[in-house]
Number of protein chains: 2
Amino acid sequence: MAPFTVMDLAARRKTARSFAKTPISLDDVLYSIKVAVQAPSGANKQPWRFILSTDAELRAKIRAACEEQEKHFHSSVEANLEEWFKSKNLTWQKPFLTDAPILVAVFSNRKMPYATESTWLMIGYVVLALEEKLLSTVTYTPPYPENLGYLFEAPANYRLETILPIGYSADSKPKERRQPSESLIYENIWNRNYPID
Amino acid sequence: MAPFTVMDLAARRKTARSFAKTPISLDDVLYSIKVAVQAPSGANKQPWRFILSTDAELRAKIRAACEEQEKHFHSSVEANLEEWFKSKNLTWQKPFLTDAPILVAVFSNRKMPYATESTWLMIGYVVLALEEKLLSTVTYTPPYPENLGYLFEAPANYRLETILPIGYSADSKPKERRQPSESLIYENIWNRNYPID
């Protein structure tokens, strides 16, 4: 593998909402999880669990349940957010839930300290490790994830944090623009711009 | 730079609670933020802000406020968690808040969708990018971060998510053990072990 920097991985990375039919290596997916469980967590409790799903029947159920929630969500969302969704061609439909080569559902144990925070930091590791393997994902979170644990027979103390569809991207949209970091960094006090050369 | 993998960065990384007096390059810290703001976020809202602090007076105030919260927290925490803290030599004292070369306070905009989740995913990027530069941190979150925004004059809609002390580690403790990823991965349904070679 050619040398790269974390910036290379982060900068080329874009959210994928459609995936090629090209098969992927399950080892690459397992690698991204092996990387990610090295992440720090509150009191080192490692509050996460992963469910890998390639089962067509289960995935059809997942998609149907998510899309039902999405229909409700899109009908109740603030006007300016719905406008943004429309401008990005985002609807209640989530075909990637059945079409991506694999889904990884990520859960956090609510009883652990900083369970959600730790789990999402760990997901940052997953995303960069997938990028190293040239794989793409979108951190898809259904509108009411706490109601979907039953699909996976998850215990009540585990919260579904996200469902990651993983595959080679077939998404033709460019990477969404990012604000320049200079405008997001302050020196000691809010709104005092950090002096960057 | 020698070639590396994301696993190299993740696996060697350990939480640092004490830091060498060796000066660090501010450019390395800014690099980690530039990397991190490439992360995905809910509706691409990039809900994060960063306050870099090297000011001794401000940092003394931050430390005093955090340690006051910690004293209260340690006196009210569950017995088994307090036992774990003691076994790790973790007390209410947070000397790294004044001793690390720099602090980076990370805020999220509560009004943005999935602000906390997005911000912590982004922090995963920060941690790996720091590791690339051989820098260490601990994702220190005070017990009641919502009460500390005033120290930075942060607007009420911004939530303090974590304070990252950054420097070269002077922590002699080994990396905390991680559970083997095999035990954390299920196939389609909770508790069905994923068949890993």
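**Close-up views of salt bridges and the A–B interface**

**View 1. Arg63(A) and Glu67(A) are joined by a salt bridge, with 2.9 Å from N to O.** A salt bridge is a side-chain nitrogen of Lys or Arg within 4 Å of a carboxyl oxygen of Asp or Glu. The model is predicted: local features need pLDDT of at least 70, side-chain atom pairs count only at pLDDT 80 or more, and totals for chains, interfaces and linings use all residues. Residues are numbered from 1 along each chain as its sequence is written, chains are lettered from A and ligands numbered from 1 in the order in which they are written, and side-chain values use heavy atoms, with hydrogens and water left out. Arg63(A) and Glu67(A) are about one helical turn apart because they lie four residues apart in helix H3 (residues 56–76) of chain A. Helices (H or I, at least four residues) and strands (E, at least two) are DSSP runs, numbered from the N terminus. Glu67(A) is buried, at 10% relative accessibility. Buried means under 20% relative accessible area, exposed over 50%, and partly exposed in between (1.4 Å probe, protein chains only).

**View 2. In chain B, a salt bridge of 2.9 Å (N to O) links Arg63(B) and Glu67(B).** These residues of helix H3 (residues 56–76) of chain B are four residues apart, so about one helical turn separates them. Arg63(B) is partly exposed at 21% relative accessibility, whereas Glu67(B) is buried at 10%.

**View 3. Arg12(A) and Glu131(A) form a salt bridge whose closest N and O atoms are 3.0 Å apart.** The pair links distant parts of the chain, with Arg12(A) in helix H1 and Glu131(A) in helix H6 of chain A, 119 residues apart. Arg12(A) is partly exposed, with a relative accessible area of 41%, while Glu131(A) is buried, with 7%.

**View 4. Glu146(A), Arg159(A) and Glu161(A) are linked in a network of salt bridges.** Over all chains, the whole structure has twelve salt bridges.

**View 5. Chain A and chain B meet with 76 residues from each chain in contact.** Contact means heavy atoms within 4.5 Å. The area buried between the two chains is about 6700 Å², and carbon and sulfur atoms give 64% of it. Buried area is the accessible area (1.4 Å probe) that two parts lose on being put together, summed over both. Two salt bridges cross the interface. In one between Glu182(A) and Lys34(B), the closest N and O atoms are 3.7 Å apart.

**View 6. Strand S5 of chain A runs parallel to strand S1 (residues 48–53) of chain B, and three bridges join the two.** Two strands pair if DSSP finds at least two bridges between them. Ile185(A) stands opposite Phe50(B) in S1(B).

**View 7. Asn188(A) lies in the segment after strand S5 (185–187) of chain A.** Asn188(A) counts as buried, at 8% relative accessibility. The side chains of Asn188(A) and Ser53(B) are joined by a polar contact of 2.9 Å. A polar contact is a pair of N or O atoms within 3.5 Å; within protein, one must be able to donate a hydrogen and the other to accept it, and residues adjacent in sequence count only if both atoms are side-chain atoms. Leaving aside neighbours within four places in sequence, the residues in contact with Asn188(A) include Ile51(B), Leu58(B) and Phe152(B).
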